[in-house]
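Take a look at the sequence and structure first, then read on.

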Amino acid sequence: MRPILAIASTTVGEAIRRKVLLIILLIGVLFIVVAPGLGILSARSETTVLKSFMLGVIQGVSAIIAVILTVYMIPNEIERRTIYTILSKPVQRWQFLVGKYLGAVLSLLLMMAMMSAVMALMFFLQQQSKNVGEVAELMKGPMMYFVQMCLLAAVAICFSTFVAPLVNFFLTVGVFLVGVFFNPLFQSLQDNQNTAPFVKGVAKVVNTVLPNFANYNVQNPLINPTSAIQNEGRYYLGITVYGVVYIGILLIIGILIFDRREV
Amino acid sequence: MKHRSSPVLLTVLAMAFLCQGLLQRLVIFDQWSRDYNPGKGKMYTNAMSPDQILAVLAGFREITAGILWVKADTFFDQGNYDAILPLIRLVTLLDPNEIDVYATGMWHIGYNFTDEEQRSDRRYIPSALALGKEGTRQNPDTYELFFEEGWLWYHKIDDDYDNAVKWFKEAQTKKDMLTARKNLLGMAYQRDGKINESIDTYYRLFDDSVKLYAQENAFGNHQNRDTLESNLDNMLVRKVQRGFQAELDNRPLNSYDCYPPFDVGFSVKASVVEPNVLRFEGTWNVLPVGTRIRVVLRDLNYPKAKPAEMEWDSSNDVNLDPPRNATFMQEQLFVKNRRFNKKVDMSKDPTMYPFTSDNYVLEFYYNPRSAPPHIQDKFSWNGEGMTDKNFLNQTVRPGQRVIFASLPITRDMIKRYGQWVDKTPVVKTSNYQESAPDAGRADDDAILKIPSLRSGMSGSK
């Protein structure tokens, strides 16, 4: 466990020194700060627009950070040959991979926590109220996004064990977009009686096999509090377990491939 | 160095894969579909679907604007006007050249936010005007939004006609202005009391129509020429008959229709018959149908309020959020048989009539410029032929003789709180006579008799 934690802490240090990530984070924070000024887009629904925009920024910026942070992680170590100095020590390849992944997750946690804190502050200022419950409710969004981003980072780490960073970037983004958009598409295919059974079947298989990022887009009931949600806790638990299981799958695949790879 | 894959690891992998599939299919998906799917339920109506967002991100602004506009149209058919507003704003932001969206958006905002009795929410009118102004700035080369802006002043606001004139004039400078629509400038001038300008406009348009008909012997051109000729004839006759020309020449008015000024004998009583429900009863001695007296109930300190109206053109920025804590009710009281009696129920629309302030004012207003021609024939354009012992006012609309009365009323009275729980609150003008069946009405000699096809009467006092 110690080598894993050592690699993870080194990875966090590297991540927070990367200027490109800090710039993206800064842009995200700036967007959240200006969000209350977007009342122009609303009609009797400033709070809706504010919540929607801020949650959207956190999700979007976190996704960019997660991808950029992870696609270069393993290839850079190989390219700079720093991996030799690590693997020459009593460190297993799987420990290296898991340590790198945990470092990425911790870095994401730090950055998303910062954006969430700014969001809570701006929400307080815009609402001019001290309704802690409402802010806590809003925080459910970033919490679920965090699990989503951990899953995205796992996808990128898995791909980074066998493809080049540029290809990995497009692959990861592609999987993310399909994972986000496929659920609504699958739903509409399922609801449409005119859809051929074969197409429905294919959609079902793809929906079951690919990581389902749309599960974590829980913002709609948070933005529109009038929506009644049943068994919210059970759903959150379900998608967290789903995320952990899928992350495990991706890391195992990554370990299996990385173990066989010549470095 | 190559490793053989551990069978345990592969088994764990297979089990985990199965586990995630079962979780997704059996536990998560149904609840996601029910509670979190953005493509279902109310949330979808107020937002773009993910594929539309993707289209925007990909740069297809116009396509997305078009999709949203189709969706807004669906909401309109369903009567779901609240959902349309954000969509209109988004579409105009995405594609500022969507003239139809600006025009229809102004119409929605200005006309379609109504209460249960189809009274439109006047608090939205500054937003409708601001949207139109933004549309004209974005599309300065086409007449349409200039015309729509003028139409909102002319038809919806139905007051301050100098603004309608300003926008219609601007619209006429655009090359694509439809010929028939140009005639409205003459009408707007007339309602603005600028009779010579109205006649000049009709002359100019008539000359143009003659040329156009000579160029193209089409039925529409023929019809337009005849309409303009008729309008011009009417205006010339009215200018003389109503004593307008005599007034310009400083000649006495006593041989014209507007002399002597007729006392309309206005009186009114407003009773709060139920919480938030008012009944207006009163007198108006004009027998021919066609009189509409404006009544406004508003917060005493309504932002930028003016007598019986507000500063409609108060903003250049589109703010689709009217002052939600303030009340501004405007209604027309129709006169029949020299009386009016109308119940105004504001109890079913608390968002439109929030009544959060303590003090309110009831304003009653009549302006002959908005009157139909058969009544204007007596009162003339500026009210020269109209008077009232108590409520003639020449200051609230400078240069015009209008009827204006205001009565204070409190929130407790409107909502029947405190002492008003068992007692009907009543506010009335001092001349209102409670007991007489024809309260406030003068004897028959004082009744205005205007030639009218409906009444069959002839002659005027």
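## Salt bridges

Over all chains, the structure holds 28 salt bridges. Please keep in mind that this is a predicted model.

Let's begin with B:Arg298 and B:Glu363, whose closest N and O atoms are 3.1 Å apart in a salt bridge. B:Arg298 belongs to strand E4 (residues 292-299) of chain B and B:Glu363 to strand E9 of chain B, so this pair ties together parts that are 65 residues apart in sequence. B:Arg298 is buried, at 8% relative accessibility, and B:Glu363 is buried too, with a relative accessible area of 4%.

B:Glu331 is buried, with a relative accessible area of 12%, whereas B:Lys342 is partly exposed at 26%. Through salt bridges that share partners, B:Asp115, B:Glu117, B:Arg119, B:Glu331 and B:Lys342 form one network.

Another pair to look at is B:Glu170 with B:Lys174, a salt bridge whose closest N and O atoms are 3.7 Å apart. B:Glu170 is partly exposed at 34% relative accessibility, while B:Lys174 has a relative accessible area of 15% and counts as buried, because the limit for that is under 20%.

B:Lys378 is part of helix H15 (residues 373-379) of chain B.

The loop between strand E9 (359-366) and H15 of chain B contains B:Ser370, which is buried at 16% relative accessibility. The C-alpha atoms of B:Ser370 and B:Trp381 are 8.7 Å apart, with the two residues 11 positions from each other along the chain.

## Chain A and the cysteines

Chain A has 11 helices and zero strands, and 51% of its 263 residues count as buried. On its surface, A:Ile23, A:Ile27, A:Phe31, A:Val33 and A:Val34 make a nonpolar patch of about 420 Å². A:Val34 lies in helix H2 (residues 19-34) of chain A and is partly exposed, at 48% relative accessibility.

How many disulfides are there over all chains? The count is zero. Among the buried residues are A:Cys158, at 5% relative accessibility, and B:Cys258, at 3%.

Technical notes
Residues numbered from 1 in each chain as written. Chains lettered and ligands numbered in written order. Predicted model: local features only at pLDDT ≥ 70, side-chain atom pairs only at ≥ 80, totals over all residues. Heavy atoms only, no water. Disulfide = S-S within 2.5 Å. Buried < 20%, exposed > 50% of the residue type's maximum accessible area, 1.4 Å probe, protein only. Patch = residues over 30% accessible without salt bridge, like charges linked within 9 Å, V, L, I, M, F, W, Y side chains within 5 Å. Areas by Shrake-Rupley, 256 points an atom, 1.4 Å probe, with all protein chains shown as cover. Salt bridge = Lys/Arg side-chain N within 4 Å of Asp/Glu carboxyl O. Helix = DSSP H or I, 4+ residues; strand = E, 2+ residues; numbered from the N terminus.
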